[in-house]
Amino acid sequence: MSRKIYRIEAAAEADAERLADIRVEAMRPSLEAVGRFDPLRARDRFLGSFVATDTRVILVEEGIAGFFVVRRHADHFYLDHLYVSPAFQGLGLGRDIVEGLKAEAEAAGLPIRLMALNGSPANDFYLACGFRFVSQDALDTIYAWMPGA
């Protein structure tokens with residue numbers, strides 16, 4: 001982005017429901033495209049694994065624009081979620097978040113791993129951000145970014 005129009009803050013337990021709504025809103029087109037859209041299931045899957053300490057909220061003047069979840073392990077970072085509300089997509093928020101995470105992982109000397117739904121535009125996004133294909137199953141594709149890459 002040419003100018004930073006957002007800030008990142010730690011999520012609170014009270015944010016869980018709103019973040020689940022953002023997840024459903026952002027994933028809907030991809031899930032519909034593969035015939036798997038179930039808003040209750042999408043919400044429940046997120047809420048069932050929500051850990052506020054791993055979650056960061058992307059805030060803009062209008063409110064919450066999105067969020068991301070990074071699980072930090074001894075041997076890698078796992079980008080579990082990165083969702084930007086459709087109204088804020090295309091502004092470079094997601095790319096900025098990924099670049100910041102890559103800088104943190106580079107400093108720690110650790111790779112970043114993630115999974116994207118097959119057929120989702122997220123696949124092209126992560127490839128454009130320098131992630132490499134690792135493996136694929138019937139539903140998801142696994143990607144990794146290595147420090148020094």
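User: In this predicted model, what covers the buried residues of α2?
Analyst: The buried residues in α2 are A42, R43 and F46. Their cover includes three elements: α1, β3 (63–72) and β4.

User: Which exposed residues does the face of α2 turned away from its buried side carry?
Analyst: Exposed means over 50% relative accessible area. On the face turned away from the buried side of α2, the exposed residues are L40, D44 and G48.

User: Which residue caps the N-terminal end of α2?
Analyst: Look for a side-chain oxygen by the backbone nitrogen of L40.

User: Is T141 buried or exposed?
Analyst: T141 sits in strand β7 (residues 140–145). Its relative accessibility is 3%. The cut-off for buried is under 20%, so T141 counts as buried.

User: Which side chain makes a polar contact of 2.5 Å with the side chain of T141?
Analyst: T141 touches several residues, including N118 and Q136. The side chains of T141 and Q136 are joined by a polar contact of 3.0 Å. The 2.5 Å contact is with the side chain of N118.

User: What volume does the largest pocket have?
Analyst: Among the elements that give two or more residues to its lining are α1 (16–33) and α2 (39–49). By class, the lining has 24 nonpolar, 8 polar and 9 charged residues. The volume of this pocket is about 1,100 Å³.

Definitions and conventions:
Residues numbered from 1 in each chain as written. Predicted model: local features only at pLDDT ≥ 70, side-chain atom pairs only at ≥ 80, totals over all residues. Heavy atoms only, no water. 1 Å grid on protein atoms, 1.4 Å probe; cavity = no way out; pocket = protein on both sides within 12 Å on 5 of 7 lines; lining within 4 Å. Points joined across faces, edges and corners; volume = space filled by probe spheres on them. Helix = DSSP H or I, 4+ residues; strand = E, 2+ residues; numbered from the N terminus. Nonpolar A, V, L, I, M, F, W, Y, C, P; charged D, E, K, R; others polar. Buried < 20%, exposed > 50% of the residue type's maximum accessible area, 1.4 Å probe, protein only. Contact = heavy atoms within 4.5 Å. Polar contact = N/O pair within 3.5 Å; in protein donor to acceptor, adjacent residues only side chain to side chain. Lists of a residue's contacts leave out its neighbours within four places in sequence.
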